[in-house]
Amino acid sequence: MTEIFITGLGTIGAYGSGAGSLRQALASSELPGLTEMDRSAGYHLAQAPRRAFLVDPALLREWVPPGEARRMSPPSRLAVAAARMALREAGLGEGLPDDHTGVAISTAFGPSSYSEGLLKQILLEGPESASPILFMESVANAPAAQIAIASKARGPSVTICQREAGALLAVGQAAGDVAAGRVPRALAGTLDEMTPLLHSLLDRFGALARNSGPDGTELARPFDRRRAGYLAAEGATMLLLESGERAASPLAKVRAWGSAFDPTAPAVGWGTGSAGLGRALRRTLDRAGISLEEIDLVVSGASGSRGGDRVEALLLREAWGDRPLPPVLAPKSVTGEYGGGFLAAAVLAAAGARFGPTIGFGQPDPELGVVPHDGSPLPPPSAVLVTSVAAGGAASWLVLEAA
Amino acid sequence: MMDETVSRRVAVSGVGAVSGLGWGIGPLWEGLRAGRTAIRPFERFDHASHRTHLAAEAPLDEPVSLAGDPRWERLSLADRFAVFAAAEALAMAGLAGPLEELSGVWFGSSTGGMFESERFFNEFLRGRWRSAKLRDLASQQVNAPGDAVARWFGVSGPVSTVSSACSSGALAVGAALDAVRSGEVDVAVAGASDSLCQLTYAGFNALRSVDEGPCRPFRAGREGMSFGEGSAVLVLEPVERVLARGGEPLAVLSGAGSACDAHHMTAPDPSGAGAAAAVEAALRYAGMPPEEVGFVNTHGTGTPLNDAAEWKALQRVFGERAGELPLAATKALLGHLLGSSGAIEAVATVLCLRHGELHPVPSSSEADPELPVSLVLDRPLPLPGVRAAVSTSLAFGGSNAALVFSRWD
């Protein structure tokens, strides 16, 4: 089968712009700056968390000039910025060599601010007030379309919406297209914007960490007994995937991808984490000819969510059984949930980046049986398993290898 | 670029649908064959202040057997459409009970449970916090219908939802085809679901893309689309598996292709190049030359630009045959189901192949001399000797998709 390499990585989040900024944040285990959410609309409950990982809009100007940005929603600007970053890193910053580039991205919530604006117009002012500009950029695939227009990417274009599992599904989709020879390269990634409305609703559903840090501020505690929710984030990460014969100086190789579903999960929550998830992961590894012993590092999507981390842990425990787990990284305490920082962190892990102690972790949860990495030096990995479980039941995974 | 390597042949073993023509494949085919449009004044929400007032609304006063299940009450309309269509398709395929582990769900949707969520937002955005019920948001996200299907039937394999506007359903079916061909799953439940909602109704009207009367694809004086709602599901399995349990495939899903215009956020590439590339990719996947295609189920929205671009695409792919190739325009009867249109038009294509007839649309206006297509009008067209068909879906943002179906026998 055609080998798939990651030759470009573009990422933007609260940690800054570019892989270097994220690499620094992951190695230091210091929280990137949390930003106060605008509470002026009154959406938030009094006890809701006040901060989230937000992107400094000034970071986008290097990649999306104001003349272009004015025609895009915030998520589209994030997506185009990350895509251009990835292409530049891959040596394609001056333009793609042909029409045959695919785009496969995911978003958990789509262009939220424009959707909110449109709903306000329609419901509060009347349908005739609906702005065609807001509507056009409120559809979930608007960012993918803007990437394609900006890059002249005329291959398959897919937007996947599967909550927290979407990013790895998008990478799998793109890898499948390249592996099948439909396109020689594809941009794959994920993006989300975090608006006050969305932030307040996530809190109302009990998803966010409230006052869980030592000073009463927000802190995500992946796999920790005291975990009480995640830190919301916005941003975008795009990877350029290329087939083996074309890849030069790759960051990592995409060796396998797969997914499964837990039908015991309710629409907005977590299920029992049926044994089917672990079996499905083993099937993916078997089909790719990868033994458990080859996996020498795990990048888990554990975020500090009480239910989500439990399912992430169950997935690993069911797959490994009685065997000891390899080191488990849980970068979402640094990157937050949504916006693609996790995906970028996973690629950096496969490329041998240094990870500090897991922020927020201090007390193991005996029910989970997973203790995330303590920051001690790790040898460069050979094969990295990346996992993401989603509210509602979906789960996805990738195996990345050192290039 | 490499051609697709054929591994397993993939059968359509069951289909299910909900549309403005009713709940089930029976009412769907009866209405399609008769060329009966479901586009009419509707009652889903108060449209007095909207610019247009028609839609192909799924009837909610029909008895649905699943309504006796306590889980039904917690589902949004889009979820219910999806679960019903999936149940019908699985029953037709002879697959009862919880699905095995080697099964998955690939779904598409544009709006998920937005209809119910608008109730929440109508209160919440006005600051009426207490009267805004969080439960109205439970199925808001576009992955909700696909997840509902997976949950209902106990699917523990891959589940994924595409939201690429009007090509969502077709892209989902294409992804399911890949999964079955490669052996990732033995059973794929592929489809899409969307219900009417004010967000899209007002949004497309804001673009002035909606005809005040029923849409008239490819016809002179066409002024835009009409809305529809519903769901369609296809069950996909390896042909050998269907035969082994004594079943007979309804059709073979031979190929899928997609390509992006990379041209404009809402207007199609007028040259039709992107749409043509999607069709050509699908035919390449199927290992089929264009000459073997007996008809095309077009995207055919009734918008001036989209129909013109699609005609250009047909000319690129089929050359001089384009003007003689019989075309169906299902949206003239069912309206535009947005993300679900590709799925229900795939089902319509399977039904037409199976029955050996191409469904007509009403000849409610004159032919457009700029678009000399062979649109089937008023009476079904017999399809003697036709063994293959293409269904196209051309979306906002230039995401184009095509599916190729072949007769089984």
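The model is predicted. A:Thr387 sits in strand β12 of chain A, which spans residues 383–389. The relative accessibility of A:Thr387 is 0%, so this residue counts as buried under the 20% limit. One of the contacts of A:Thr387 is polar: its side chain meets the side chain of A:Glu312 at 2.7 Å.

Chain B was examined as a whole. Its secondary structure comprises eleven helices and 16 strands. The radius of gyration of chain B is 20 Å, close to the 22 Å given by the globule rule for 409 residues, so chain B is as compact as a globular protein of that length. Along the principal axes, the C-alpha atoms of chain B fill a box of roughly 65 × 50 × 40 Å. Of the 409 residues in chain B, 68% count as buried. Contacts in chain B with a separation of 6 or more were also sorted by sequence distance. Residues 24 or more positions apart account for 79% of them.

Two residues of chain B were picked out by their backbone angles. Most residues other than glycine have a negative phi. B:Ala165 is not a glycine, yet its phi is positive, at about 55 degrees. B:Ala165 is placed in the loop between β6 and α5 of chain B. With a relative accessibility of 9%, B:Ala165 falls under the 20% limit and therefore counts as buried. B:Arg208 also is not a glycine and has a positive phi of about 55 degrees. Its place is the loop of chain B between α6 and β8, the latter covering residues 230–238. The relative accessible area of B:Arg208 is 49%, so this residue is partly exposed.

The size of an interface is often given as the accessible area lost when the parts come together. Between chain B and chain A, the buried area is about 5,600 Å². Carbon and sulfur atoms give 61% of that area. B:Leu125, B:Arg151 and B:Met265 supply 13% of the area that chain B buries against chain A, more than any other three residues. In terms of residues, 66 from chain B are in contact with 67 from chain A.

One pairing, B:Asp178 with A:Arg182, is a salt bridge whose closest N and O atoms are 2.7 Å apart. Several elements of chain B contribute to the side that touches chain A. At least two residues each come from α3 (114–124), α4 (144–152), β6 (159–162), α5 (168–182), α6 (198–206) and β9 (251–260) of chain B. The largest share, seven residues, comes from α6(B). By class, the side of chain B that touches chain A has 32 nonpolar, 23 polar and eleven charged residues.

Notes: Residues numbered from 1 in each chain as written. Chains lettered and ligands numbered in written order. Predicted model: local features only at pLDDT ≥ 70, side-chain atom pairs only at ≥ 80, totals over all residues. Heavy atoms only, no water. Contact = heavy atoms within 4.5 Å. Buried area = accessible area lost by both parts, 1.4 Å probe. Salt bridge = Lys/Arg side-chain N within 4 Å of Asp/Glu carboxyl O. Helix = DSSP H or I, 4+ residues; strand = E, 2+ residues; numbered from the N terminus. Nonpolar A, V, L, I, M, F, W, Y, C, P; charged D, E, K, R; others polar. Rg over C-alpha atoms; globule rule 2.2 N^0.38 Å. Buried < 20%, exposed > 50% of the residue type's maximum accessible area, 1.4 Å probe, protein only. Polar contact = N/O pair within 3.5 Å; in protein donor to acceptor, adjacent residues only side chain to side chain.
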